[in-house]
Amino acid sequence: MPRQQFPADLFGAIRLNVMPTVQMTQHLYRFFPQLENRTITVSAGSVSEVLRAVNEIAPGFADYVLDEHGALRRHVMLSIDDTVVIDRKTLSDRVPDGGTVYIFPALSGG
Amino acid sequence: MELNDTLLLRYSRHILLPDVGVDGQARISGASVLIIGAGGLGCPVALYLGASGVGQLWLADGDTVDLTNLQRQIGHATAAIGENKADSLARSVRAINPEIEVQPIREALSGRALHEVVTAVDLVVDASDNFATRHAVNRACVQLGKPLVSGAAIGFSGQLAVFDTRRAYTPCYHCLFPDQTGEPETRCAEAGVFSPLVGVIGAMQAMEALKYLAQVGELLIGRLLLWDGLQAEARVMKVPHDPACPVCGQAARQAG
Ligand SMILES: [Zn+2]
């Protein structure tokens, strides 16, 4: 008798209920050690909302990556699901459930 | 370009590659490339492009070789301390391959001089160490329609991307990294750099440049490669074109 098969969409269904994850390059952990060695999960929402949520875990984080107008500081890069975010000012791009935000610096050394 | 027997032998390991062949090597040998910066990245880029037989190499750098450079800038010998970096690197490239033309430029190219050299070459490699130069080189490449292979490295981390805005809907350097004016930047002199990191990123720049010249493979256009040497992890990002980009966007193209 064949074994019970998982429904084909089971993993898709699970993924839909997973909160977005925020990852960042090592050097940020030096300033925000409370973010290291843990999975950072936040509610789905705009990039701006996601960064504010990280700031709840690590106070000062938003000030570190955002300028006084709430735009990304110029050496700070951010991607959603491995696509670089071009709207650095309003930060209204949506981070979906199951999505991954990655924060990294622009490098200039040679 | 016609390859004689000596050159066919010298470049035989390229020619043996079905993707390159005699035609691909002839394109490499007939090409001219400008390398901005003769430091950590510029050394491996120039040594690989020179060894590969790129017909004409322009090397631009206004700095002189310093003892602290020698840990990673493998195109400079200890005896070259105090000498201009473009001169020193040109000598190392010529020692590997006397069959090509190597032209040192003893200044950090900018303005009109930058425009003139970019006009004259088939491809530009940015191996410089600051955002101001990177943006100036990008503007010249967008205006003159030249491909740009951009690399950067510091600490244990590197970044690599290729730009060619003649391809529709692909980004330029400015789409990816908006102007950095007034922002503090981290320099090797302050932060340190792990020696082979610049070799890894520089070799990948040479790889992309030669792929473009030989017309093989898929270039890193519209993508950004991040290399984390400490974790031994690579990540490739998609990079969209910014329609509002002041350098390559609609308005800039119409004004230009
Ligand atoms: Zn652009």
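Colleague: Before we start, what should I know about the numbering and the confidence limits?

Modeller: Residues count from 1 along each chain as its sequence is written, and chains are lettered from A and ligands numbered from 1 in the order in which they are written. The model is predicted, with local features needing pLDDT of at least 70 and side-chain atom pairs counting only at pLDDT 80 or more, while totals for chains, interfaces and linings use all residues.

Colleague: Okay, which elements make up chain A?

Modeller: Helices (H or I, at least four residues) and strands (E, at least two) are DSSP runs, numbered from the N terminus. Chain A has four helices and seven strands, in the order α-β-α-β-β-α-α-β-β-β-β from the N terminus.

Colleague: And how do I read burial, say for Ser108(A): buried or exposed?

Modeller: A residue is buried if 20 or more other C-beta atoms lie within 10 Å of its own, exposed if 12 or fewer, and partly exposed in between, with C-beta atoms placed from the backbone. Ser108(A) counts as buried because it has 23 C-beta neighbours inside 10 Å. Ser108(A) sits in the segment after strand S7 (100-105) of chain A. Across chain A, buried residues make up 24% of the 110 residues.

Colleague: What about helix packing: how do H4(B) and H5(B) lie to each other?

Modeller: Axes are lines fitted to C-alpha atoms, for helices over the stretch in contact, and angles run from 0 to 180 degrees between N-to-C directions. Angles under 35 degrees count as roughly parallel, over 145 as roughly antiparallel, 65 to 115 as roughly perpendicular and the rest as oblique. The axes of H4 (residues 42-51) and H5 (residues 85-96) of chain B come within 9 Å and cross at roughly 30°, so H4(B) and H5(B) are roughly parallel. Residues making the contact include Ala46(B) of H4(B) and Val93(B) of H5(B).

Conventions: Two residues are in contact if their C-beta atoms, placed from the backbone, lie within 7 Å.
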